[in-house]
Amino acid sequence: MSNISSIHEISKSLSRGDYSCIDIAKEAISHISELNGELNAFVEVNEERVLENAKYLQEKLAAGQDVSLLHGVPVAVKNNIDIQGYNISACSKPLHGRYAASDAACIKKLKKAGALIIGTTNMHELAYGGTGDISSCTPAKNPHDITRIPGGSSSGSAAAVASKMVPLSLGSDTGGSVRIPASACGVVGYKPSINLIDTVGVLPLSWTLDHVGTIANSVSDAALGAAFLMSSTSSISHQILNSFKEICAIPTETEHQCKVALIEIDGMPLASNVNKVINDSIKLISTSNVVVEKESLKYSVESHVAWLNIMYPEASSFYVEKRDCDYTSFSSPTKVQLEAGIHISALDYLKAQRFRAMFSGYFNSFFDRYDFVIMPTLPVVAPKFNDKTVTLGDKEVTVQDAMTFANSIANMVGCPAITIPVGFDSKAMPVGLTILGPFKKDLSLLKMAKEIESTLS
Amino acid sequence: MSSNDKETTCLNRGFSSDAYTSDEISTINNLLTYVAEIKFIPEDLLADSPGVKFMPLLMYREEVEENV
C-alpha cells in the first residue's frame, strides 16, 4: 500500500481486508524512516511499541468487533501532549527526560477510538512561537522546500502530514499553532471552538487561549479526527460524526445564499505573491450562492497586544514556577518571553481580558451579517530559516508577528477556525485561507470548508 | 546596548542583568514596550463585568464539566 495519506482510504482497505493494521503500521514506519532524516518531523517513534499496538488492533478487527473509522489509522502527536511512557518535553531542553505518567484527555479518546499512535512530533519550544525554528530537537523542515521554516508551533505535525508520513496529526493552538504550520506546509489545520477538545494533559502555554486541533490532508479527515477527540457526549462531536458522509461527499449546490466576509487586517498587508493566490481563489469561490464582501476589522493591533498581555504572564506563571526545570537552559527566545511575562502587571493582564470580552462581542457581530468570515492564514509564504523579518508593503515585520498577528484572533474569540490550502505561488510554496465561523457552529464551518475545498480542487 | 544601558534597563524593569546578554535585555525591553500599549486602550472599550464575560472558559462551563 502506498497511499496512507487519507483516513478514508485506510479505513476502507482495512474493512475490506486488503491490508491489516500491521501492514499500515509498517507502511507508516517505512515512510518515516525514508523521510524523517531530512524533515525531522518526528522526534520519537517507538517501532516495537507501534507494531505491538498494531497487532492488538488487528486482533480486534479480525474478531469482527465493531470498530471506529479511526481504527488502525496512524496518528502523530505533538510533543507537548502527554502519552503515557513517552518523553514529552515540548522540545525544550529543561524538560528533556520528562516522561508522561498518564495520557492526556485527548489521547485517551484517540486510543479509545482505536487510532494507532505512531510517535511524537517536533515543535517550536514550549509552543512559544509561530515559526517552528526554535526546538531543542533540531527544528523540523518544510516539505515543500527544506530551506524554509514549516511554521509553528506544531511544525512536525504539519510536516508529517504534508509529506504523507501519516494521514492525521494532533497539535495545540494558542495563537494559530495548528493553522500556521498547516498553511505553511499546504495542508488542512482545524482548531475547533474553545473547550470542545479537553486540554488536560497538554503542557500549557496559556490556559485561557490554548486549544487542541487536528492537521490532515483534507477537511473531512481533519473533521473526523477532531470529532473523536471531543467529549463522547458532545453534541458537536455527534453532529460531525452523523454528518460525516455529507462532509466527505462532493457538496451539491447550497440551497440558500451564503454570505462571507473577507476580512482585511489593518497593519498586516499581504505579500504580493500571497495576494495574487488569495484573489484568484476568491474569484473561484464567489458564485451565485456564495457572496464574498470585503470588510475591515477594527482593533487588530489592540487584539494582538492584548493577546500577548494574556499569553506572556500565563506562560510565565506555569514555567517560571516549575522548580524542577533549569530555567536558564531554555533557548534565548523562550527565556526572554518568559522573563517578559513576569513583568506584566495584574492590571494589564485583566485589562487585556476585559478587552478580549469586548473584542469577542465585536468580532461575533460579523456573524449577525455574515455566515462566515474568511482571511488569508498568513501574509507571506513560509520564510527561509534565516529570515528574521519580512517586508509587507512598506513595513518590516518580524516573522513571528507575521505568523501570529491574524491567527491569534480566533484564540481571543474562541470561535472555530480552519485553514485550507488554496494554491501555490510561483515558487510552488503553498498559500492557505482561513475560514472562521460562529462559536459551536463547527459543523457548518466544516461543510463550508469542504465546499471551498471542492470548488478549488 | 552599553553595559551602563544594560544595567539601567534591568534596574528600571526590575530584573537581574546576570542571566541575560545585552541582546536579550534589549529584546525583553522591546517586548515590554510593545505590550505596554495595552495601557492606551481606552476604558470605554472594555467589558465592565469581566468575571462573567471575559473568559470563554467561564462562558462555556457546560462543555468544560462535560469533558472532565
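At what angle do helix 10 (residues 272-285) and helix 17 (residues 442-456) of chain A pack, and how far apart are their axes? In this predicted model, the two helices pack at an angle of about 105 degrees, with their axes 10 Å apart. Angles of 65 to 115 degrees count as roughly perpendicular, and helix 10 of chain A is therefore roughly perpendicular to helix 17 of chain A.

**Helix 10 and helix 17 of chain A**

- On the side of helix 10 of chain A, the contact is made by A:S281, A:L284 and A:I285.
- Helix 17 of chain A contributes A:I452, A:T455 and A:L456 to this contact.
- By residue class, the contact of helix 10 with helix 17 of chain A comprises 4 nonpolar and 2 polar residues, with no charged residue.

**Helix 2 and helix 3 of chain A**

- Helix 2 (residues 21-39) and helix 3 (residues 47-62) of chain A have axes 8 Å apart and pack at an angle of about 155 degrees.
- Because angles over 145 degrees count as roughly antiparallel, helix 2 of chain A is described as roughly antiparallel to helix 3 of chain A.
- The two helices of chain A, helix 2 and helix 3, form a right-handed crossing.
- From helix 2 of chain A, the residues in the contact are A:C21, A:I22, A:A25 and A:I29.
- From helix 3 of chain A, they are A:E47, A:V50, A:L51, A:A54, A:K55, A:L57, A:Q58 and A:L61.
- The contact of helix 2 with helix 3 of chain A divides into 9 nonpolar, 1 polar and 2 charged residues.

- Chain B contains 5 helices and 0 strands, and its pattern along the sequence reads α-α-α-α-α.
- Of the 68 residues in chain B, 16% are buried.
- The axes of helix 1 (residues 3-13) and helix 2 (residues 22-35) of chain B come within 10 Å and cross at roughly 40 degrees.
- That angle makes helix 1 of chain B oblique to helix 2 of chain B.
- The crossing of helix 1 of chain B with helix 2 of chain B is left-handed.
- Helix 1 of chain B takes part through B:K6, B:T9, B:C10 and B:R13, and helix 2 of chain B through B:S22, B:I25, B:I28, B:N29 and B:L32.
- The residues of this contact between helix 1 and helix 2 of chain B are 4 nonpolar, 3 polar and 2 charged.

**Nonpolar core**

- The largest nonpolar core has 159 residues, and the members touching the most others are A:V75, A:C106, A:L116, A:V188, A:A223, A:I418 and A:I435.
- Helix 11 (residues 300-319) of chain A supplies the largest share of this core, with 9 residues.
- Leaving aside neighbours within four places in sequence, A:I435 is in contact with A:F372, A:I374, A:I418, A:L445, A:M448, A:A449 and A:I452.

**Backbone features in loops of chain A**

- The peptide bond from A:G152 to A:S153 is cis, with omega near 10 degrees.
- A:S153 is located in the loop between strand 3 (116-121) and helix 5 (155-162) of chain A.
- A:N195, although not a glycine, has a positive phi of about 75 degrees.
- A:N195 is placed in the loop between strand 5 (188-191) and strand 6 (211-216) of chain A, and it counts as buried because it has 25 C-beta neighbours inside 10 Å.
- A:K440 is likewise not a glycine and has a positive phi of about 65 degrees.
- The loop between strand 13 (430-436) and helix 17 of chain A holds A:K440, which is buried, with 22 other C-beta atoms within 10 Å.

- A:P376 belongs to strand 9 (residues 372-376) of chain A and is buried, with 27 other C-beta atoms within 10 Å.
- Not counting residues up to four places away in sequence, A:P376 touches A:L270, A:V274, A:I278 and A:L433.
- From C-alpha to C-alpha, A:P376 and A:F355 are 24 Å apart in space and 21 residues apart in sequence.
- A:K245 lies in helix 9 (residues 244-248) of chain A and counts as exposed because it has 9 C-beta neighbours inside 10 Å.
- A:K245 and A:K298 are 53 residues apart along the chain, and their C-alpha atoms are separated by 38 Å.

How values were computed:
Residues numbered from 1 in each chain as written. Chains lettered and ligands numbered in written order. Predicted model: local features only at pLDDT ≥ 70, side-chain atom pairs only at ≥ 80, totals over all residues. Core = buried A, V, L, I, M, F, W, Y, C linked by C-beta atoms within 7 Å. Buried ≥ 20, exposed ≤ 12 C-beta atoms within 10 Å, placed from the backbone. Helix = DSSP H or I, 4+ residues; strand = E, 2+ residues; numbered from the N terminus. Contact = placed C-beta atoms within 7 Å. Axes fitted to C-alpha atoms, helices over the stretch in contact; angles between N-to-C directions. Parallel < 35°, antiparallel > 145°, perpendicular 65-115°, else oblique. Left-handed = near helix turned anticlockwise from the far one by under 90°. Nonpolar A, V, L, I, M, F, W, Y, C, P; charged D, E, K, R; others polar.
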